[in-house]
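Biologist: I would like a close look at a single part of this model. Please take it strand by strand.

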Amino acid sequence: MRYRVPLRLAGLPGTLPALIAALWMLLAAPGAGEAAPGNDARSRGVTVAVIGDSLGDGVWSGFSLMWRNKPECRVVRRSKIGAGMTRSDFPRWQQDLGAELTSEPIDVAVLMFGLNDQTGIRDEHRRGYLFRTEGWKQLYQARIESLVRDLATRKVVVVWLGLPVMRSTELNAGARWINDVLEEKLKAMGVIYVPLDRDFANPEGGFEPYLQDEASHRSRQIRLEDGVHFTHYGYELIAAKARAAMRQALEARDPALKDAFAC
């Protein structure tokens, strides 16, 4: 390739050799004009969609806080307050979700459902099943499988969060039963399931509204007074657990992704 020396530099014998030498060093430098291997992967970061109900919505806010200074780490909101997998509009909701993921592809899906699912469920023929019956379990697990397989066809890594301990004895018993249903199906499909019932509980396994902050060594509130939802700090803790599981899943898929995603 030939380079022209600007006319305004002509007649400057001391400057011209120096410029030529500098240009030669620039062109001869290793990888000049090329991106270093892996830079593209590192710079693009990762896009995570949080999918679920009001608890999932809180986890979305936890990711947003955790990554507030990392623009390359994106989290998109696909959660909805009041959403549930037993609702009659679930099939339509799933179609809408698929359309959203087609228009905005993601790398990882973090799912959290179950808070609103301690109710009866109906199949496509309008046949109903009561909560905790075998028919309910089979239909619920079929919906889990449908969601996961749709995400798998999009090459999306799936991380599913279990339900935490609830203050209400009745609500907590139902949540534990749903956790068992989730874990059984997800493990059979090879999907990462992250239990939360032991992380945010007291030594006896009951509801615990406060937790000691390891950084400040002081007690901080993690649960709200409703006995169900979390504080901002609590949701950040859940997001951190989901991130750890997500990075392990990405590395398991491709070891090169361990360093490619610095989120």
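Which residue in β6 stands opposite V110?

Modeller: V159 in β6 stands opposite V110. This is a predicted model, in which local features need pLDDT of at least 70, side-chain atom pairs count only at pLDDT 80 or more, and totals for chains, interfaces and linings use all residues. Residues are numbered from 1 along each chain as its sequence is written, and side-chain values use heavy atoms, with hydrogens and water left out.

Strands (E, at least two residues) and helices (H or I, at least four) are DSSP runs numbered from the N terminus; two strands pair if DSSP finds at least two bridges between them. V110 belongs to β3 (residues 108–112), and four bridges join β3 to β6 (residues 157–161) in parallel. β3 also runs parallel to β1, through five bridges: V48 stands opposite V108, and A49 has A109 as its bridge partner.

β1 (residues 46–52) is largely enclosed by the rest of the structure, because seven of its seven residues are buried. Seven parallel bridges pair β1 with β2 (residues 73–79), and V46 stands opposite C73 there. From β1 the chain passes through helix α3 (residues 54–66) to β2 in a right-handed β-α-β crossover, meaning that with the strands pointing away from the viewer, the path from the first strand over the helix to the second runs clockwise.

Notes
Buried means under 20% relative accessible area, exposed over 50%, partly exposed in between (1.4 Å probe, protein chains only).
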